[in-house]
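Q: I'd like a guided close look at one part of this chain, with enough of the surroundings to see where that part sits. Please keep it friendly and walk me through it step by step.

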Amino acid sequence: MAVSKPFSRHAPRKRHPAPIEKMAAPDLFSQHAVRDDAIPQGSRDCAPFPACSAPLLPGGFPYAKMAAPGGSAARALVQYVVLRGDLQREPLSWPLGALVAQACHAALAVVHAHYGQADTGAYLAEGGSMRTVVLEALDEDALTTLAETLKEHNIDHKVWIEEPENIATCIALRPYPKEEVHQHLRKFRLLK
């Protein structure tokens, strides 16, 4: 009789998850991620998300061909992420992966918080054509000043605080038409 070994985090696991080829925008934040071709239209259980009630267009995304209000051409939606540049320099010298993680956390948090906004849904529906601009704030003071400016102008954003250090590392704006927010970000350069 074979004796089974207790589970070890180092033991190889034989898991073969079903491939998820493409997910519809409304499923990104639901409790259960399901392939969009596996659910008939209208049977999604995600009432809090307005995209769920929209008819699915070719490509599986409810906002895929949505025209901009007041015009026939779509507005250029962009998500701005502003990362502290001093984190990558001495004396802090954060690794590149840690910096990328900060930007990802902030971008996902603000999209999740503002998922019900039409611009956010339209941005997510763009799939591989989403436009994200990553800018550099010189230090924490510049990031704090930007956060105050955005708050004064009622621009939805998320300041990402790294815990347990309690350090503000990044600001991400929800997706906006470029012309609505660009003027507040002009003094920041692209992160290099």
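How many helices and strands does the secondary structure of the chain come to? After that, please look closely at helix α1: which of its residues are buried, and what covers them?

A: Happy to. This is a predicted model, in which local features need pLDDT of at least 70 and side-chain atom pairs count only at pLDDT 80 or more, while totals for chains, interfaces and linings use all residues. Residues are numbered from 1 along each chain as its sequence is written, and side-chain values use heavy atoms, with hydrogens and water left out.

The secondary structure comes to 4 helices and 6 strands. Here helices (H or I, at least four residues) and strands (E, at least two) are DSSP runs, numbered from the N terminus. Along the sequence they follow the pattern β-α-α-β-α-β-β-β-α-β. Of the 192 residues in the chain, 35% are buried, where buried means under 20% relative accessible area, exposed over 50%, and partly exposed in between (1.4 Å probe, protein chains only).

Now to α1, which covers residues 96-113. With 1.5 Å a residue, its 18 residues should span 26 Å, and the end C-alpha atoms are 26 Å apart, which agrees. That expected span is 1.5 Å times one less than the number of residues.

The buried residues of α1 are L99, Q102, A103, A106, A107, V110 and V111. Viewed down the helix axis, these buried residues fall within an arc of 155°, so they line one face of the helix; the arc is that of the directions from the helix axis to the C-beta atoms. An α-helix has 3.6 residues a turn, so residues three or four places apart point the same way. On the other side of α1, G97 and L108 are exposed. The cover over the buried residues includes β1, α2 (118-125), β3 (157-162) and β4 (167-173), with contact meaning heavy atoms within 4.5 Å.

One of those covering elements, β1, leads on to the strand pairing. Strand β1 (residues 77-84) pairs with β2 (residues 132-137) in the parallel sense over 6 bridges; two strands pair if DSSP finds at least two bridges between them. In this pairing, Q79 stands opposite T132 in β2. Strand β2 is also joined by 2 bridges to β6 (residues 189-190), and these two run antiparallel. There, L135 stands opposite L190 in β6.

Within β2 you will find E136, which counts as buried at 16% relative accessibility. Its side chain makes a polar contact with the side chain of R89 at 2.9 Å. A polar contact is a pair of N or O atoms within 3.5 Å; within protein, one must be able to donate a hydrogen and the other to accept it, and residues adjacent in sequence count only if both atoms are side-chain atoms. Leaving aside neighbours within four places in sequence, E136 is in contact with V82, L83, G85, R89, F188, R189, L190, L191 and K192.

The loop between β1 and α1 has a detail of its own, as P91 lies there. The peptide bond from E90 to P91 is cis, with omega near 5°. Most residues other than glycine have a negative phi, and most peptide bonds are trans. With a relative accessible area of 53%, N166 is exposed.

A last stop is helix α3 (residues 140-152), where L150 lies. L150 is buried, with a relative accessible area of 0%. Beyond residues up to four places away in sequence, L150 touches I155, H157, I171, L173 and H184. In the loop between α3 and β3 sits N154, which has a positive phi of about 55° without being a glycine. N154 is exposed, with a relative accessible area of 67%.
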